[in-house]
Amino acid sequence: MFTVLIGALLFGYFLTVTQVPQKVTEFLTGLGVGPYGVLALIMLMYLALGCLMDAMAMIILTVPIIFPVVTALGFDPIWFGVIIVMTVELGLIHPPVGMNVFVIKSVIKDVKFSTIFAGVLPFIVTDLIRLVILIVFPIIATFLPGRM
């Protein structure tokens with residue numbers, strides 16, 4: 001865990017020196033797809049990364065690049081944090097390479113992958129519905145923090 005954190009600190013320093021977040025912000029805001037189009041692209045990136053990386057590593061390595069884009073688009077940072085955590089967890093269970101599905105397979109060796117993915121499918125559908133609801137009604141994620 002400390003290796004990931006140290007690597008993320010070095011990566012953050014590298015990003016600061018090379019001004020990558022500013023360039024990525026300029027690129028994504030200049031695409032002309034609107035704020036929700038950029039958000040969809042970011043969420044697709046996290047879904048794809050869910051096939052390759054652990055959740056903590058994914059968030060630690062990508063948020064320094066993506067966060068300036070999100071704030072430039074006018075999204076609430078708390079809402080974005082909730083959306084990204086949900087998207088990352090969805091990326092860890094969706095086919096074809098959901099990492100958590102491989103963990104389940106290593107624990108229960110006599111069950112086929114197709115059975116595990118069939119069992120995960122309802123959770124994928126409900127997670128997608130939940131994400132859409134939170135995107136359409138961001139007050140759900142920001143109501144309690146706004147009361148503090």
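In what order do the elements of the protein run from the N terminus on? They go α-α-α-α-α-α-α-α, and the count is eight helices and zero strands. Helices (H or I, at least four residues) and strands (E, at least two) are DSSP runs, numbered from the N terminus.

Before you start clicking: this is a predicted model, where local features need pLDDT of at least 70 and side-chain atom pairs count only at pLDDT 80 or more, while totals for chains, interfaces and linings use all residues. Residues are numbered from 1 along each chain as its sequence is written, and side-chain values use heavy atoms, with hydrogens and water left out.

**Stop 1: the whole protein**

Show the C-alpha trace, which spans about 50 × 35 × 35 Å along its principal axes. Of the 148 residues, 33% are buried (buried means under 20% relative accessible area, exposed over 50%, partly exposed in between, with a 1.4 Å probe and protein chains only).

**Stop 2: the core**

Select Leu39, Ile42, Tyr46, Trp79, Phe80, Ile83 and Val88, the residues with the most contacts inside the largest nonpolar core, which has 32 residues. The elements that give two or more residues to this core are α3 (34-49), α4 (55-72), α5 (77-91) and α7. A nonpolar core is a set of buried Ala, Val, Leu, Ile, Met, Phe, Trp, Tyr and Cys residues joined through side-chain atoms within 4.5 Å.

Stay on tryptophan 79. What is it in contact with, leaving aside its neighbours within four places in sequence? Pick out Leu39, Leu134, Ile135, Pro138, Ala141 and Thr142 (contact means heavy atoms within 4.5 Å).

**Stop 3: the rings**

The structure holds three aromatic pairs. In one of them, tyrosine 36 and phenylalanine 75 sit edge-to-face, 5.3 Å centre to centre, with 70 degrees between the planes. This pair links distant parts of the chain, 39 residues apart: tyrosine 36 is in helix α3 and phenylalanine 75 is in the loop between α4 and α5. Rings of Phe, Tyr and Trp (its six-membered ring) pair if their centres lie within 6.5 Å; planes under 30 degrees apart count as stacked, over 60 as edge-to-face and the rest as tilted. Tyrosine 36 is partly exposed at 48% relative accessible area, whereas phenylalanine 75 is buried at 11%.

**Stop 4: the salt bridge**

Next, select arginine 130 and aspartate 127. They form a salt bridge, with the closest N and O atoms 2.7 Å apart, and the structure holds one (a side-chain nitrogen of Lys or Arg within 4 Å of a carboxyl oxygen of Asp or Glu). Why can these two meet? They are three residues apart in helix α7 (residues 113-136), so about one helical turn separates them. Arginine 130 is partly exposed at 37%, but aspartate 127 is buried at 15%.

**Stop 5: the nonpolar patch**

Finish on the surface with a nonpolar patch of about 1100 Å² accessible area, whose members include Leu121, Val125, Phe137 and Leu144. The elements giving two or more residues to the patch are α7 and α8 (139-146), and α7 gives the most, with six. Leucine 121 is in helix α7 and is partly exposed at 47%. Patches are made of residues with over 30% relative accessible area and no salt bridge: like charges are joined within 9 Å, nonpolar side chains (Val, Leu, Ile, Met, Phe, Trp, Tyr) within 5 Å.

Note on methods. Areas by Shrake-Rupley, 256 points an atom, 1.4 Å probe, with all protein chains shown as cover.
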